[in-house]
Amino acid sequence: MLTTFGSFVLFLRGMVTRTERFRVLWNRTIDEAILIGVDSVFIVSIVSAFIGAVTCVQIAYNLTNPLIPQSTIGYMVREMTILELAPTITSIVLAGKVGSSIAGGLGTMRITEQISALEVMGINSTSYLVLPRILAALLMFPMLVIMAMLLSIMGGYLAGTLTGVMTAQDYIEGIRTDFIPYNIVFALIKAVVFAFLVSGISSFKGYFTTGGALEVGAASTGAVTNSIIAILIADFALAAILL
């Protein structure tokens, strides 16, 4: 455990020493941002919209006390979405999609000796290959989380009104009740931390892959598993520290 953590720290240290020129780094970051962010919009949209819809319907199903106003449903959907569902579930989904892609891509480059070729040419392979991926993740994860918040709340609105469990006025009243702006900041902090964990762990697992195609698959699986575990641990730690 300590050996692996030390290797990870040295891996990150090597990434920020002798970096590439800004123009090269910028172009690489934009390319990776498209792969990480733009290509993930569809799956994040579907997951977040249905999570919001299901959350609204299930809260309404359990909220049977006539003394509790219907607007409470909208309030609970908003709080659950902003504090937990949008940043955490979105990051777990991206850990499966983006994390496996990063680990598989770097693992394939390692076993086909493309990384060795970069190092022979005098290029810092970690700076050229890994740093743009991490920067792109840090940029795109918060954007995807903001989109997930909006779509989840909209999904709850559509589910609540179309199924007849509540009126649109009650739902809007609920999502406007006792709003705390800091919750948005907290969710974005979580998104940035999760982005670093997913991209960093996945890059580490892929970069140090050895063997053949079977090991690349194992590295991708390990990257997703470790990323999800790290997300859950960080989720608890951030909630305990920042809330």
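So, this chain has nine helices and zero strands, where helices are DSSP runs of H or I with at least four residues, strands are E runs of at least two, and numbering goes from the N terminus. Before I go on: this is a predicted model, where local features need pLDDT of at least 70, side-chain atom pairs count only at pLDDT 80 or more, and totals for chains, interfaces and linings use all residues. Residues are numbered from 1 along each chain as its sequence is written, and side-chain values use heavy atoms, with hydrogens and water left out.

Along its principal axes, the C-alpha trace spans about 70 × 35 × 35 Å.

Now the transmembrane annotation. UniProt, in an unreviewed entry, puts "transmembrane region" at residues 34-61, 134-159, 179-204 and 216-242; such annotations may be inferred rather than shown by experiment. What does the model give for two of them? Residues 34-61 are 86% helix and 0% strand, with end C-alpha atoms 40 Å apart. For residues 179-204 it's 88% helix and 0% strand, and the ends lie 39 Å apart.

On to a helix pair. The axes of H6 (residues 125-162) and H7 (residues 168-175) come within 9 Å and cross at roughly 150°; axes here are lines fitted to C-alpha atoms over the stretch in contact, with angles from 0 to 180 degrees between N-to-C directions. That makes H6 roughly antiparallel to H7, the label for angles over 145 degrees.

Last stop, Trp26, which sits in helix H2 (residues 22-36). Together with Phe22, Ile30, Ile34 and Val38, Trp26 makes a nonpolar surface patch of about 530 Å². Patch residues have over 30% relative accessible area (Shrake-Rupley, 1.4 Å probe) and no salt bridge, with nonpolar side chains (Val, Leu, Ile, Met, Phe, Trp, Tyr) joined within 5 Å and like charges within 9 Å; a salt bridge is a Lys or Arg side-chain nitrogen within 4 Å of an Asp or Glu carboxyl oxygen.

Methods
Angles under 35 degrees count as roughly parallel, over 145 as roughly antiparallel, 65 to 115 as roughly perpendicular and the rest as oblique.
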